[in-house]
Amino acid sequence: MTSRRTAVWDRTGTLVLSLVLLVSGAALVWWWSGRSPAADTLSTRSATELTQASWWPAALGAAGVLLVLLGLAWLLAHLHRSTVDRLHVSGSGPQGRLDAAAGEVVGAAADAFADTIGVRRASGSLVRDRGQLVASITATVERECDLAALAQHADLVSAQLHDVLGRDDIRCRVQLKVARLGARMPRAL
């Protein structure tokens, strides 16, 4: 999950780069077609003189270093780890803090959701998504499962998770993925 700032920078950079490429491509096609007034008078002499200047290698090296740093910054912005390992929970006294292993707690909630008829497997993690804590449960379900029962059980698991953690700032997201190959669902008695 990327932050809003990273998403805005990505979109802005993509827009600017796309516009530069479109305009450059259109200008090159126009020049290549021979309709450009500069097509007959274009000379590369000034470009040749520019690349033979004594400062050119240093400027080119500095531009290369700048591009490498921008590329690394872009990669690091996208490698931001969004999972939360430890979570401060209510009940801490004046002598210390009470922390919970967030992944274990959400994993237990995912295991409880996996007990629903029609769910093959489920996994969970606590992530920070756009500044909010989200308990994310991803479940693989059978094609012929009862969605109403799944929704009811998802609400129950979410409420239990909220009660266990005692935090009002945590949202719960249950994502369902339909299984590719059908397996026989257990029948309720």
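A nonpolar surface patch is built here from residues with over 30% relative accessible area and no salt bridge, their nonpolar side chains joined within 5 Å. Keep that in mind as you work through this predicted model.

**Exercise 1.** Find which residues make the nonpolar surface patch of about 840 Å², and decide whether Leu-79 is buried or exposed.

*Solution.* Start with the members: Val-65, Val-68, Leu-69, Leu-72, Trp-74, Leu-75, Leu-76 and Leu-79. Finally, compare its relative accessible area of 66% with the cut-off: exposed means over 50%, so Leu-79 is exposed.

**Exercise 2.** Work out how the directions of α4 and α5 relate.

*Solution.* Take the geometry of helix α4 (residues 102-114) and helix α5 (residues 147-165): they pack at an angle of about 155°, and their axes are 10 Å apart. Angles over 145 degrees count as roughly antiparallel, and α4 and α5 are therefore roughly antiparallel to each other. To finish, note that the crossing of α4 past α5 is right-handed.

**Exercise 3.** Determine how many salt bridges there are, and what the one at Arg-120 ties together.

*Solution.* The count is two salt bridges. In one, Arg-120 pairs with Glu-142, with the closest N and O atoms 2.7 Å apart. Arg-120 belongs to strand β3 (residues 119-129) and Glu-142 to the loop between β4 (132-141) and α5, so the pair ties together parts 22 residues apart in sequence.

Note on methods: Residues numbered from 1 in each chain as written. Predicted model: local features only at pLDDT ≥ 70, side-chain atom pairs only at ≥ 80, totals over all residues. Heavy atoms only, no water. Patch = residues over 30% accessible without salt bridge, like charges linked within 9 Å, V, L, I, M, F, W, Y side chains within 5 Å. Areas by Shrake-Rupley, 256 points an atom, 1.4 Å probe, with all protein chains shown as cover. Salt bridge = Lys/Arg side-chain N within 4 Å of Asp/Glu carboxyl O. Buried < 20%, exposed > 50% of the residue type's maximum accessible area, 1.4 Å probe, protein only. Axes fitted to C-alpha atoms, helices over the stretch in contact; angles between N-to-C directions. Helix = DSSP H or I, 4+ residues; strand = E, 2+ residues; numbered from the N terminus. Parallel < 35°, antiparallel > 145°, perpendicular 65-115°, else oblique. Left-handed = near helix turned anticlockwise from the far one by under 90°.
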